[in-house]
Amino acid sequence: MRALLEELGDPQLRYPAVHVVGTNGKSTTTRMTEALLADAGLSVGAYLSPHIRGWSERIRIDGREADFDEAVARVRPHAGEATQFEIVTAAALLAFAAAEVDVAVVEAGLGGRHDATNVLETSVVVLTNVALDHMDVLGETREAIAAEKLAVVQPGSTVVLGDPEWERLARENGAARIVVAGSSNLALATAAAEAFLGRDVDPHAAQDVSLPGRLERRGDQPLEIWDGAHNLAGIGYLLPRLPERDWVVCCSILADKRPELMLEALSVLGGTLVATESANERSIEAGDLAARAEPYFSHVEAFADPHAARSRALELAGPSGAVVVTGSLYLLSELSGSSTHP
């Protein structure tokens with residue numbers, strides 16, 4: 001990643017950055033921080049992943065989606081054997097430099113220490129939360145996972161935490177100042193923006209920020225909610241935020257996400273589940289997911305095609321019912337018609 005950026009003239013060194021790491025809530029926190037810094041009068045670049053409706057969601061400049069194809073085209077001649085994520089990340093960092101942004105708010109892809117985004121001149125790091133996820137890469141305990149995420153902290157930077165549990169780790173990585181903001185995305189974003197600016201901001205400037213696939217209301221007859229909760233902690237965040245209804249659950253889950261625990265948690269929503277699968281190679285096949293769901297749901301059906309699964313869930317719910325589509329951001333992306341390659 002550093003070699004690729006050097007080929008591009010090290011664009012990441014031309015602006016300071018707010019780096020957002022954590023298990024869940026990174027994209028929303030990134031977008032809210034973007035909104036608060038823009039409201040304070042700054043030119044802001046924002047980098048998010050993954051996307052739901054289209055690749056252009058990932059690169060934003062001054063509150064608008066950048067020309068994604070143009071941004072990637074600038075990098076391709078220099079890409080060599082870089083991965084897809086490295087190319088897209090480099091495209092974002094180069095686009096921010098070309099636009100002469102005052103600050104970039106950058107969401108990490110996976111972990112932190114070895115993530116392609118860990119190349120920034122970072123003055124503020126936000127750790128949203130830490131849960132057991134990607135354990136094959138990041139470690140078997142929350143402590144190990146937090147250590148991987150907080151490895152992005154640079155000496156002298158400010159670290160914004162959702163939980164005081166990680167203060168010691170933040171200090172060990174060189175944090176000069178620690179702010180424990182609380183677990184809400186808005187609180188984290190407000191603390192991050194204020195830490196960067198050195199003054200208060202108006203939280204109302206970020207209250208209307210919404211992202212595709214995050215508690216997204218898609219219809220009313222039946223009520224249909226899409227949420228990309230893709231691990232147990234994400235399901236735990238989703239459940240209390242859904243109105244009390246008898247929900248039909250339509251879901252796809254990746255094999256490494258402790259699916260049985262996710263299915264058990266989802267079963268509190270209602271007795272009906274429609275299992276499906278995404279094109280991701282780690283996605284559990286619909287029939288297998290349905291078999292794993294049977295101990296927790298009274299009625300289970302399986303459809304390999306996500307569109308057929310969603311249609312069946314809506315049919316089972318009826319006009320007065322409720323459907324939640326969840327378990328995988330990849331599922332929501334496919335239902336939105338987004339491609340998997342830029």
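**View 1. D208 in the loop between helix 8 (185-197) and strand 9 (216-220).** Helices (H or I, at least four residues) and strands (E, at least two) are DSSP runs numbered from the N terminus. This is a predicted model, in which local features need pLDDT of at least 70 and side-chain atom pairs count only at pLDDT 80 or more, while totals for chains, interfaces and linings use all residues. Residues are numbered from 1 along each chain as its sequence is written, and side-chain values use heavy atoms, with hydrogens and water left out. D208 has a relative accessible area of 75% and is exposed; exposed means over 50%, buried under 20%, and partly exposed in between (1.4 Å probe, protein chains only). A35 is 173 residues from D208 in sequence, yet their C-alpha atoms are 9.6 Å apart.

**View 2. S49 in the loop between strand 2 (44-47) and strand 3 (59-61).** With a relative accessible area of 7%, S49 is buried. Apart from neighbours within four places in sequence, S49 is in contact (heavy atoms within 4.5 Å) with S27, R58, F85, E107, A108 and G109.

**View 3. Helix 12 (residues 306-317) and its ends.** At the N-terminal end, D305 caps helix 12, with a side-chain oxygen 3.2 Å from the backbone nitrogen of H307. G318 follows helix 12 and has a positive phi, near 75°.

**View 4. The buried residues of helix 12.** P306, A309, A313 and A317 are buried in helix 12. They lie on the same side of helix 12 because they cover an arc of only 70° around the axis; the arc is that of the directions from the helix axis to the C-beta atoms. Their cover includes strand 11 (247-251), strand 12 (272-275), strand 14 (322-326) and helix 13 (329-335).

**View 5. The protein chain around these sites, with 13 helices and 14 strands.** The C-alpha trace spans about 55 × 45 × 35 Å along its principal axes. Of the 342 residues, 56% count as buried. Among contacts between residues at least 6 apart in sequence, 69% join residues at least 24 apart. The accessible surface (Shrake-Rupley method, 1.4 Å probe; for residues, only the protein chains shown count as cover) comes to about 14100 Å², of which 46% belongs to carbon and sulfur atoms.

Note on methods: The expected span of a helix is 1.5 Å times one less than its number of residues. A polar contact is a pair of N or O atoms within 3.5 Å; within protein, one must be able to donate a hydrogen and the other to accept it, and residues adjacent in sequence count only if both atoms are side-chain atoms.
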